[in-house]
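Subject: Structure for you to look at

Dear colleague,

Here is the structure I said I would pass on. My notes on what was found follow below it.

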Amino acid sequence: MTDSRNNRRRFITAMAGAGTAALGIGQARAEDEMRFPGDDPEHFVIYQLNHGDVDYQTHVLNSMNAMIGKYGDNVQIAVACFAKGIHILAKEPKREVDEEIYARVAGFAENYNVEWIACGNTMDTVGYSEDDIRDFARIEQVGAAALMEYQEDGYAYIAW
């Protein structure tokens, strides 16, 4: 965290504490509990999405929605897609993808900064090229390695 952000945080925390003390309202929140727009999230999670059936995909997306509902912008979510799950990231899926799920995936990327990772090995197997993958997704050659690397970076791993 930059010095200016630390100084801003200390100043605002001190002012909040002074204001509530003067009013007799009680203690201000501790400095480490106070978050500001643009602060890095405190929670990190990576989901595995590797099945093509609608119920499975709906459960994964609903869990992501619940995480965002609970933590708001205080959670960073990533999703590694491989096997039959890869098709939700294709511009023109080679397997049927539910329209609502397809739209929700884009909505998570656009509105909640969810990182979508396409497995390059699965893409090779299915016959997708980089041009076939939706613009918000990025490609990692080995999807399982991406799961491991995210965990090494402190992300909690969620799989169904």
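Two strands count as paired if DSSP finds at least two bridges between them. Please keep in mind that this is a predicted model.

Strand pairing around E1: E1 (43–49) and E2 (75–81) run parallel and are joined by seven bridges. Within this pair, Phe44 stands opposite Gln76 of E2. Five of the seven residues of E1 are buried, so the strand is largely enclosed by the rest of the structure.

Nonpolar cores: the largest one has 28 residues. Met64, Ile77, Val79, Ile88, Leu89 and Trp116 have the most contacts inside it. At least two residues of this core come from each of E1, H2 (54–71), E2, H3 (99–112) and E3 (115–119). H2 supplies the largest share, five residues.

What does Met64 touch, leaving aside residues up to four places away in sequence? Its contacts are Tyr47, Ile77, Val79, Phe108, Val114 and Trp116.

Another core, of ten residues, lies apart from the largest one. Its members include Ala78, Ala80, Ile117 and Tyr155. As background, nonpolar side chains in soluble globular proteins tend to be buried together.

Regards

Note on methods:
Residues are numbered from 1 along each chain as its sequence is written. This is a predicted model: local features need pLDDT of at least 70, side-chain atom pairs count only at pLDDT 80 or more; totals for chains, interfaces and linings use all residues. Side-chain values use heavy atoms; hydrogens and water are left out. A nonpolar core is a set of buried Ala, Val, Leu, Ile, Met, Phe, Trp, Tyr and Cys residues joined through side-chain atoms within 4.5 Å. Buried means under 20% relative accessible area, exposed over 50%, partly exposed in between (1.4 Å probe, protein chains only). Helices (H or I, at least four residues) and strands (E, at least two) are DSSP runs, numbered from the N terminus. Contact means heavy atoms within 4.5 Å.
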